[in-house]
Amino acid sequence: MEIVWFFLLAVVPVYTQGDGVYAPAQAQIIHAGQACVVKEDNISERVYTIREGNTLVLQCLVTGHPRPQVRWTKTAGSASDKFQETSVFNETLRIEKIQRLQGGRYYCKAENGVGVPAIKSIRVDVQYLDEPILTVHQTISDVRGSFYQEKTVFLRCTVNSNPPARFIWKRGAETLSHSQDNGVDIYEPLYTQGETKVLKLKNLRPQDYASYTCQVSVRNVCGILDKTITFQLTNTTAPPALKLSVNETLVVNPADNVTMQCSLIGGDPLPEVIWSHSPSPMPHNSLIQEGNLTIWGIRMEDSGYYNCTAINNVGNPAKKTVNLLVRSMKNITFQITPDVIKESESIQLGQDLKLSCHVDAVPQEKVVYFWYKNGKPARVSDRLLISRNDPELPPVTSSLEIIDLRFSDYGTYLCIASFQGAPIPDLSVEVNISSETVPPTISVPKGQSTITVREGSRAELQCEVRGKPKPPIIWSRVDKEAPMPSGAMTVETYDGKLHLESVSQEMSGTYKCQTARYNGFNIRPREALVQLNVQFPPVVEPTSQDVRQGMGRSITLRCTMLKGSPMKVATAVWRFNGNLLTLPPTEQQDYSELKVDSVNRETSGSYECSISNDVGVSTCFFQVSAKAYNPEFYYDTPNPTLSQKQSKNYSYVLQWTQKEPDAVDPILKYRLDVRQLNQRNTIQTLIPVKKMEKGLLLEHILRNLKVPQSYEVRLTPITNFGAGDMAARIIRYMEPINYPNLADNTCHFEDEKICGFTQDKMDNFDWTRQNALTQNPKRTVNTGPSTDISGTEEGYYMFIEASRPRVQGDKARLISPLYNITGKYFCVSFFYHMYGKHIGSLNLLVRVQNKRAIDTQVWSLSENKGNEWKQAHVPISPPGPFHIIFEGVRGTSYEGDIAIDDVTLKRGDCPRKSIGPNKAVALPGNGVPTLHRSSLGGPLTFFLYVLLR
């Protein structure tokens, strides 16, 4: 299709004061999506109510120049100025299938570097109604000296909801009320989780054995339907009871197959039996069948508490727990404790000595220890004592204590830990006691107290331990409350060496090595310190900088070293477009400079400064040029779209300012490239510039754009240096917001705002806006239009869908903005499409806005009119401010879609030609009026009403 372009070639400057049109950000939150209601509460807080599972859409409309950046954040409760770290940088916030925990206060923060940021908020209230839970409890009490017993039953109904739910109790089909007879009481208990209502049946009677229903309701808010739960109360109703086939503590061996049977011994209705495992989920090698739990090839990680729970919502759940222990032994250790009373730290003849042995085992208390000396069992005597639980040591630790140590007590002692009768291998540890058994000492090898390595390399810290036996070494950090690289707070080594792989800057600091108090002497630990220095390349500023300057002017580029180890500049190398530059030598500093005497085409390009500190190199990048910065499009143009009356064309007012115009040479002109989206052809225009200053608003009008097409606009400034930075934006058609101004009065429904028309909330369903591209591919054939009146796929129109769930007689009403204009006669013109064998009616009404809203039908058409668009002209004569209303009425079946397009209102008589099928034309005030509730068509209509006044 051939497209003819006409562009206004002159740039029209718009003069302003101070910083020109630069203005701080302003913001306003509007809603879309599936909101139930948006209201202002008593403290002028905006509240957005939405049903759980629906789609939340909030849009932050911003003004300000340059175009503000928008950031959405959320807090989970009352108002707060604290922003969370997680943010959404977009003007539209969309949350699919919103959940209750996503309710709270949402903030829109808009900032553009001019003035203070604009912050607006709205509270999102998520509505929901869970399934109710009904539980039954009963009590039996003695009355009058135990002559008889009185049974009382409590039916407790609990639900989670927002807003608070209303409860209705029913016995059969009968609705129960509080204290309707002496046997019924309904109340709300204190200290319950969720909302709860209790039905109390006092002194249970035969008629009380019945079916009870708890109905919960949130009064259809957000379309949430009521929910119910029913319980059949009988004389056999009883809570659950359980019996286990195993003991509460069950000890098994690894690889055993284990079966635990959980049997029901009571409960009506029949309880549900559930097995669970804590602290982890049920093992994958387990099977639950008819209350029995079987675990094959049991492992250590399968240990834990297994819970069998029976629930039938009568009384409290029945619960049985089995503590399943899998036998194991690991980590056997010993300790040598010199005479504690004499505070000795070494072994001395004539003093007491204690040898201790401990193993980590499950179950710990079943471990048996055996002591041997030189291969023979140790015999208890007055001087040799063996104890099982030493209060000074971990539980279930065996100690061998020698009183008044003698030379004959020297030898090799062996401790064996065993599960007698179980197929678990024994563990053992040897302790040698002699004159050579001495406490440890620790030191750092010469030259190893400070270790210096480069970032990314391997480091080895070393401490030497002397003594017999040599205990393990425990490493930790001293100057930082940080874990070791492994993630643990301490690391144990047996050779005294700590290996660190791929060290980083954060690993620099002081490390402590100390002796362990196990597998050696149980005395005060010996300690030593090692310093680790990690050298790393320099960190420079700026890493990247865009430098602009006018032709012939000089600039100085500086690359600064912010940090590094060592913190000194060893060398600084400059390059221009990859070629090495020769600079005179300078004193060592923490920066390097390069002066460009004259910026021109030959000296423009990429400059690099590589700074080294003998460990590594970091580079500053500079892009030097005399080209102009990009234009800044102005997005706050009032009414940028100008529709043309007699065609499907429009004009667009394009406005912009120039970013930092004084940074380079004066801008001579702009190159404008315009391309219709989804097409390749581009139209280029040169726009001359007469005057330029910072903040000056420039303007250019794009003409003969096709409704409703969108266009990509690219704008490039040009100076003596050449083309500058380009800016691009998309221009989309929008219905003029000054509608219904009679100077521009045709509504094509091409914009989502549909010219200020609103859906009537008192009708049965809504009109739908669509075009050929948004039609449902499964739509009903043989009814409705394929395109709008223009015949293009992109053109929009309004229509009513006659398919399910619509029924015959359902009405959809589309209400125009309020026309607060004077005139005796007006003409309403529009195109209609009424094709299908089940077409109902299309009516045009006028609502006169006096003290009461009075609707009068002025035009009506019914039945199939063929698969084509036809035009109607309807004269009206309203006595005051008025709305026009399009009313679509559904016919006998689904082939009855009706559509309208290109609605025009103008002052004066209608054209002198056939008005088309037209019946019962009655002017407002002359026909039979019908009373209708007053409506101004929403906030947008009110705004237009004030504007037109």
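Buried means under 20% relative accessible area, exposed over 50%, and partly exposed in between (1.4 Å probe, protein chains only). The model is predicted, so local features need pLDDT of at least 70 and side-chain atom pairs pLDDT 80 or more, while totals for chains, interfaces and linings use all residues. Residues are numbered from 1 along each chain as its sequence is written, and side-chain values use heavy atoms, without hydrogens and water.

**Exercise 1.** Classify Asp 760 as buried or exposed, and find the backbone atom that its side chain reaches.

Solution. Asp 760 counts as buried because its relative accessibility is 6%. Its side chain reaches the backbone nitrogen of Met 762 at 2.9 Å.

**Exercise 2.** Which strand gives the most to the lining of the second largest pocket?

Solution. Start with the term: on a 1 Å grid over the protein atoms alone, a pocket is an open set of points with protein on both sides within 12 Å along at least five of seven lines, and lining residues have an atom within 4 Å of a point. The volume of the second largest pocket is about 450 Å³. It is lined by 18 residues, and those closest to its centre are Ala 572, Pro 584, Pro 585, Thr 586 and Ser 592. Both β47 (571–576) and β49 (591–596) supply at least two lining residues. β47 gives the most, with four residues.

Note on methods
Polar contact = N/O pair within 3.5 Å; in protein donor to acceptor, adjacent residues only side chain to side chain. 1 Å grid on protein atoms, 1.4 Å probe; cavity = no way out; pocket = protein on both sides within 12 Å on 5 of 7 lines; lining within 4 Å. Points joined across faces, edges and corners; volume = space filled by probe spheres on them.
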